[in-house]
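Biologist: I have a model open and want to learn to read it. Could you take me through it feature by feature?

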Amino acid sequence: MPAAFSVLTRNRDFRRLFAAELVVFGADWFVMVPLLVLLPELTGGGTLGAMVLAVDTGILALLLPWTGTVADRVDRRKILIVSNAAAFLSVLLLFAVRSEATAPLALVAVGAIAVSKAFYSPAASAALPNLVDPEDLAAANTIAGSAWGTMTVVGASLGGVVSSAFSPYICFAVTAVCLLTGSLLTTLIRRPMQAPRSGGGEPVRALAALLESLRYIAARPRLRALVTVKSAVGLGNGVLTVFPLIAAAHGVGALGAGLLFALRGAGALVGPLVMRPVLNRPSWLLPGLALSMGLYGVGYLGVAFAQWFPLVAALVFVAHFAGGSNWVLSNYALQGEVPDALRGRVFATDMMLATLAIAVSQLVAGTAIDRVDPAWIIAGCASITLTYAIGWRIATRRLRPSAEPTFGITGTGELPPK
């Protein structure tokens, strides 16, 4: 077995967290794809499906700053278990979506699931360094970073197949079982998911805790660079809204659109595995992040003007190979730079900025899609990412590599000195 995966066999607690994330991510895609097919059938239009996507992204962006403070103040194991249980109850509401009159219940269900994800994501990211030894963290991040890409391919593909062969409601039932399985796997984790906090005194209020993390980021140029790096790919994510149009323009229809989404996940899966050596070389990190942003932009510039569909498919894979690498490289760096007591809040800020960038990009692209040639929408998104990458690299070129990471744990859970 490759060394990068040996941590799965040696570390039972990490293996359980990884398995839980696989079923949770898979459940997310397994419910969303069938739902986006079901809603137009019930309502005769695509507006409600677009609103579902907007609600999912928007709620995440709005809640992440606050849920990150919760991940630093509450037992992270409990957060993960309760989040999955709440998402399970929310999925049950989808069984009532049977007609045009009940279709709006999908917005309520997806909104509630998004709330659960807003709590789950920063807690899981912040917990990871506590479940593995420092020398295994690079490998663990590589593996954990592959979970989303793996389940994008598996969950989205199987969701479409099962929905077509049986019904969307079978998919909803499978999703509910997956979420309960995720909670069960998390209960079996034995290692603490956060460092001990010093006792005594009143717990800090959520707003004060959030402001503390923002001040911590603002005072450190390297952290400012790391929490803004995912926004480059996020601002280019509007390209996803025109995937069906790309496929139609090349005469490959729904099958081609599905292939493009699958290649998006495959690229995000393979990228972190190939780019793992960068994690062990601090001097490569910032140039590697700039390169990943730039490659995403160049890849989609090629997609905009490619005339041969196999070339389009290859370029989509390359772009998301870079995007997946960008995500894992920046996550690893943040885990090494931020103390445990602030890690949940910093990750929440990082994810909020990325989510807002995605929402803005997709909203603008969706607004222009009926007025502008799709090729120019793709080129515009790609150019924004490429320009951002160049500007980010210029702004960060004088930052020095980080020292050997300590992963922010001082034994008492207190913040280390600046």
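Modeller: We go through salt bridges, a cavity, the surface and some contacts. This is a predicted model, so local features need pLDDT of at least 70 and side-chain atom pairs count only at pLDDT 80 or more, while totals for chains, interfaces and linings use all residues. Residues are numbered from 1 along each chain as its sequence is written, and side-chain values use heavy atoms, with hydrogens and water left out.

Biologist: How many salt bridges are there?

Modeller: Side chains of opposite charge can pair when their charged atoms come close. The cut-off is a side-chain nitrogen of Lys or Arg within 4 Å of a carboxyl oxygen of Asp or Glu. That rule gives 4 salt bridges here. One of them joins Arg10 and Asp136, at 3.0 Å from N to O. Arg10 sits in helix α1 (residues 3–10) and Asp136 in the loop between α5 and α6, so the pair ties together parts 126 residues apart in sequence. Helices are DSSP runs (H or I, at least four residues), numbered from the N terminus.

Biologist: Is Asp136 buried or exposed?

Modeller: Buried means under 20% relative accessible area, exposed over 50%, and partly exposed in between (1.4 Å probe, protein chains only). Asp136 counts as buried because its relative accessibility is 10%.

Biologist: Which residue does Lys117 pair with?

Modeller: Its partner is Asp56, with 2.8 Å from N to O. Lys117 lies in helix α5 and Asp56 in helix α3 (residues 47–73), so this bridge ties together parts 61 residues apart in sequence. Both Lys117 and Asp56 are buried. Another bridge links Asp133 and Arg191, at 3.8 Å from N to O. Asp133 is in the loop between α5 and α6, and Arg191 in the loop between α7 and α8 (206–218), so the bridge spans 58 residues of sequence. Asp133 is partly exposed, at 33% relative accessible area. Arg191 is partly exposed too, at 28%.

Biologist: What is the volume of the largest cavity?

Modeller: Take a 1 Å grid over the protein atoms alone: a cavity is a set of points where a 1.4 Å probe fits but cannot get out, and lining residues have an atom within 4 Å of a point. Points are joined across faces, edges and corners, and the volume is the space filled by probe spheres set on them. There is 1 cavity of 30 Å³ or more. The largest cavity has a volume of about 40 Å³.

Biologist: Which residues line the largest cavity?

Modeller: Among them are Asp28, Met32, Leu94, Ile113, and the bridge partners Asp56 and Lys117. Helix α2 (12–43) and helix α5 (105–131) each supply at least two lining residues. The largest share, 4 residues, comes from α2. By class, the lining has 6 nonpolar, no polar and 3 charged residues.

Biologist: Which residues form a nonpolar patch on the surface?

Modeller: Patch members have over 30% relative accessible area and no salt bridge, with nonpolar side chains (Val, Leu, Ile, Met, Phe, Trp, Tyr) joined within 5 Å. Here Phe166, Ile170 and Val174 form one, with about 290 Å² of accessible area together. Areas come from the Shrake-Rupley method with a 1.4 Å probe. Phe166 lies in the loop between α6 (137–165) and α7 (168–187). It is exposed, at 63% relative accessibility.

Biologist: Where does Asp350 lie?

Modeller: Asp350 is in helix α16 (residues 340–368). It is buried, with 0% relative accessible area. Its C-alpha is 4.7 Å from that of Val227, though 123 residues separate them along the chain.

Methods. On a 1 Å grid over the protein atoms alone, a cavity is a set of points where a 1.4 Å probe fits but cannot get out, and a pocket is an open set with protein on both sides within 12 Å along at least five of seven lines; lining residues have an atom within 4 Å of a point. Ala, Val, Leu, Ile, Met, Phe, Trp, Tyr, Cys and Pro count as nonpolar, Asp, Glu, Lys and Arg as charged, and the others, Gly among them, as polar. Patches are made of residues with over 30% relative accessible area and no salt bridge: like charges are joined within 9 Å, nonpolar side chains (Val, Leu, Ile, Met, Phe, Trp, Tyr) within 5 Å.
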